[in-house]
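Please review the following report on a ligand site and on one residue of a protein model.

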Amino acid sequence: MYSDNNGNKEIEATEIIPNTKKVYIETYGCQMNVSDSEIVAGILNSAGFAMTDDIARSNVILLNTCSVRDNAEAKIFKRLQHLRQFKKSNSKLIVGILGCMAERLRSKLIGREGLVSIVVGPDEYRSLPEMLNHAFEGESGIAVKLSRVETYDDIIPLRTDGISAWISIMRGCDKFCSFCIVPFTRGRERSKSMPVIIKEAKELYENGIMELTLLGQNVNSYNDPDSNANFAQLLRLVAAAVPRMRIRYTTSHPYDMSDELIETMAEFDNICNFIHLPVQSGSDRILELMNRHYTADSFLERIKYIRKLMPDCAISTDIIAGYPSETAEDHQKTLELINKVRFDGAFMFKYSPRENTKSWDMPDDVPEAIKQQRLTDIINLQNNIAKEINRDERGNEYDVLVEGPSKKNKAEWQGRTSTNKVLIFPRAGEKIGDTVKVRVEGSTSATLFGKKI
Ligand code: SAH
Ligand code: SF4
Ligand code: F3S
């Protein structure tokens, strides 16, 4: 579910009434954070604040942050330095840190760069309006309590315009993978009510949204608080409630990827042919140290069942290079697994020790140069595989959901296939949100190119 490249997503400006305080939100990290920023905008908007995408004229700058690796945090500290210029021209400017770094670093963030005066963790966004009002009076504030129940069920997110939307169906994570900070920054697992999710899905469809992603750190742990329905049952009801909408979800944990879930995906045409299934490593020894609860073989068995029921399903993954004690042999096993599965895509990372996690206590003993070399090996292998897979796409026909003009050439559309691949094709009177049949004619490791048929 992680995307380093979510970039700085901005919430569209609403109508601005004079004297209302204007809030600019910048979002880092995973899609959960993107979805949370929409919840924050919803909360602030109903409390009388206005959202803006003009940072220079904002009264409040909020950074919704990520702690997953050290470099994610380093990026925020750099950004804060950069934000000092806005404080120079507006001494009343309020800067706040939200999200996972707020939860992890708490009071250590107050006063950072002479800027930060409020720090709010992922389960405390309801207190933001009050905290901001205090901040305008010169009071700094910290709210970082994690909740066992908060799901923001009743909050209407202020969504960016577009054809895709997210619903966070569960929050938190109880998996405690040894390397991962998320259970500490997001707290315990809890699920949003199923009827609320279905109602929201229908409303999104009525408002012109064509694609819906159900989000959670570990969606397989979804459990409807009233009916105890599991994730496969929820997915089935959502897919049936909005049959003309594309449904995606992320992220699945391989240990919990049930037959029932795979069967449900196969059964519904509107559930996308795409699964993000983070494997992390191909070595059983490392997987055990990571507390992942599966082996390379059991992972391959899941892949086999997915491909048996959905031969065209694209599969992507996450991989960590250089976990503590990883040997050259462990690394080879990861490369072997990548070769066996042939993933359509992958997010690949160097291991980064995170305080409080179980592996923080293990020596970070793979030397930096070797870590880097292993990561490079993994990236090169994976890119070659993706290139080959995409080359074989030539001649295939896809229904492409048009997302907008191609970044490189405005005379072309960029859209996405059900398998989550970006497909570029020449414009010919279509509009954003249309579904167009396109034949693939060329490709790179990351993109397909084609023509409308
Ligand atoms: N729940 C999501 C994970 C979110 S973190 C999931 O299970 O997919 C996204 C990815 O970041 C993880 O899959 C892992 O590959 C990577 N990651 C997490 N902690 C890390 C760390 N300490 N060092 C390097 N990569 C890490
Ligand atoms: Fe982190 Fe593991 Fe939970 Fe994913 S499943 S958020 S990697 S602890
Ligand atoms: Fe997401 Fe980063 Fe937090 S990946 S859950 S924003 S640590």
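## Ligand 1 and its surroundings

Ligand 1 is surrounded by 15 residues, the closest being Phe179, Gln217, Gln280, Asp318 and Ser352 (a residue is near if one of its heavy atoms lies within 4 Å). The model is predicted: local features need pLDDT of at least 70, side-chain atom pairs count only at pLDDT 80 or more, and totals for chains, interfaces and linings use all residues. Residues are numbered from 1 along each chain as its sequence is written, ligands are numbered from 1 and chains lettered from A in the order in which they are written, and side-chain values use heavy atoms, without hydrogens and water.

An oxygen atom of ligand 1 lies 2.7 Å from a polar side-chain atom of glutamine 280. A nitrogen atom of ligand 1 is 3.0 Å from a backbone N or O atom of phenylalanine 179. For aspartate 318, a side-chain N or O atom is 2.6 Å from an oxygen atom of the ligand. Ligand 1 alone exposes 540 Å², of which the protein buries 95% (Shrake-Rupley method, 1.4 Å probe).

## Glutamate 430

Glutamate 430 is located in the loop between β17 (422-426) and β18 (435-443); strands are DSSP runs of E, at least two residues long, numbered from the N terminus. Because its relative accessibility is 10%, glutamate 430 counts as buried (under 20% relative accessible area, with a 1.4 Å probe and protein chains only).

Beyond residues up to four places away in sequence, glutamate 430 touches Trp413, Phe425, Val436 and Lys452 (heavy atoms within 4.5 Å). The side chain of glutamate 430 also reaches the backbone nitrogen of alanine 428 at 2.7 Å.

Key
Helices (H or I, at least four residues) and strands (E, at least two) are DSSP runs, numbered from the N terminus. Buried means under 20% relative accessible area, exposed over 50%, partly exposed in between (1.4 Å probe, protein chains only). A polar contact is a pair of N or O atoms within 3.5 Å; within protein, one must be able to donate a hydrogen and the other to accept it, and residues adjacent in sequence count only if both atoms are side-chain atoms.
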